[in-house]
Amino acid sequence: MLTEMENNSFHCSFIIDSPVRRFSMFPTNVAMLVLNCVFCLTATVQNLPVIAAILKTRSLQTPSNVLLCSLAVTDLTAGCVVHPIFVAFKAQLLHGHFSCTLVLVKEGMIIYTGVLSMLTLLAISLERLIALRVHLRYSEFVTVPRVLTVVFITWLSWGLVVCAWPLGLGIYIVSLVSVVIIIVIAIVLAVVCAIIFRILRRHQRVIRDQTQLQSEETRTLLHNRKSSAAILYVVVLFFIFYFPCSFATIRFNITKDFRIAQNILWDVATTVALMNASINPILYYWKLGNIRRAVKRLLFVNQVELIHRGIDISTR
């Protein structure tokens, strides 16, 4: 996919590299390198405790939290894989080198994690919708094995689609397929979230007006309402952070623009999109009390173990 052009220029995918372009993009490359270094750390450090808390706390191993863990794993992948690849690519450009392989891996992973996050959010939203609609029969429809099957199929199938790009499928076809999938998922996700919001409003009136509800049913409604509201926050923030990236992709497909401005737009847009992986855990800690308490317990236990180990070593 690497094509050598005139004036020491190289064309790889939708990126053209040359000494003149590297000089013009020097401030952008430095800024993107620094930002991706910072958010590489924040995404990794913040998502690891969420994943560990869900895996180690048996009471958290529910279908909804399994899906949340899948989203956290996607965000962790963005933090410890995509960000470092982005940094490596920018570091090479700053040293006067250009790697088409890094371009393909970087863009492929950005597409993979971005659309995978959307698919996971759609699964989480559908799970919350089922919980709100048929909460008395929820366990009949939604189980952990079924959720794990959905997660595995989603990760595998979308991975195969993305792998078709470096295997020879053109960038226009891959980006066009990605745009179509993003638009379809976004529409379905928006409709599901609108239904969830309407149900939450109705539940709020029920909880406020009908004081004769059984305490167990009231607790179930309150729990479903709180967790569903938290997911709505996650979805809204996802749309905010990924809108520039979607806009840049659609713009490229329409204009076929290879100018420096398009490269800068894409770099900024993808960095903003990857920042979402650092923001999601903050929402979990803020809105989901069970996740917050489990992470606190996990960190506290680890600190106590380290203290005890230090005391044992010092007494030997």
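User: Which helix gives the largest share of the nonpolar patch?

Analyst: Helix α2 (residues 26-56) does, with 4 residues. A helix here is a DSSP run of H or I with at least four residues, numbered from the N terminus. This is a predicted model, where local features need pLDDT of at least 70, side-chain atom pairs count only at pLDDT 80 or more, and totals for chains, interfaces and linings use all residues. Residues are numbered from 1 along each chain as its sequence is written, and side-chain values use heavy atoms, leaving out hydrogens and water.

User: What makes the nonpolar surface patch, and what is its area?

Analyst: F26, V30, V34, V38 and L94 make it, and its area is about 380 Å². The rule takes residues with over 30% relative accessible area and no salt bridge; nonpolar side chains (Val, Leu, Ile, Met, Phe, Trp, Tyr) are joined within 5 Å, like charges within 9 Å. Areas come from the Shrake-Rupley method with a 1.4 Å probe, and for residues only the protein chains shown count as cover.

User: Why is L94 called partly exposed?

Analyst: Its relative accessibility is 31%. Buried means under 20%, exposed means over 50%, and partly exposed lies in between. So L94 counts as partly exposed. L94 lies in helix α3 (residues 63-94).

User: Why is S125 called buried?

Analyst: S125 has a relative accessible area of 0%, so the label is buried. S125 sits in helix α4 (residues 100-133).

User: Which residues does S125 touch?

Analyst: L189, V192, C193, I196, I231 and V235, not counting residues up to four places away in sequence. Contact means heavy atoms within 4.5 Å.

User: What makes a salt bridge of K106 and E107?

Analyst: The rule asks for a side-chain nitrogen of Lys or Arg within 4 Å of a carboxyl oxygen of Asp or Glu. For K106 and E107 the N to O distance is 2.2 Å.

User: Are K106 and E107 buried or exposed?

Analyst: K106 has a relative accessible area of 0%, so K106 is buried. E107 is buried too, at 0%. E107 is found in helix α4. The C-alpha atoms of E107 and T270 are separated by 9.2 Å, and these residues are 163 residues apart along the chain.

User: How do you know that R128 and E127 form a salt bridge?

Analyst: Their side chains meet at 2.8 Å, N to O. R128 counts as buried because its relative accessibility is 5%. E127 is at 4%, so E127 counts as buried.

User: Where do R137 and E140 stand, buried or partly exposed?

Analyst: R137 is at 45%, so R137 is partly exposed. E140 is at 46%, so E140 is partly exposed. Their side chains meet in a salt bridge at 3.3 Å, N to O.

User: What is the volume of the second largest pocket, and what makes a pocket?

Analyst: The volume is about 310 Å³. Of its 18 lining residues, the closest to the centre are L67, A123, L126, E127 and V150. The elements giving two or more residues to the lining are α3, α4 and α6 (144-163). α4 gives the most, with 7 residues. A pocket is an open set of points on a 1 Å grid over the protein atoms alone, with protein on both sides within 12 Å along at least five of seven lines; lining residues have an atom within 4 Å of a point. Points are joined across faces, edges and corners, and the volume is the space filled by probe spheres set on them.

Note on methods:
Buried means under 20% relative accessible area, exposed over 50%, partly exposed in between (1.4 Å probe, protein chains only). On a 1 Å grid over the protein atoms alone, a cavity is a set of points where a 1.4 Å probe fits but cannot get out, and a pocket is an open set with protein on both sides within 12 Å along at least five of seven lines; lining residues have an atom within 4 Å of a point.
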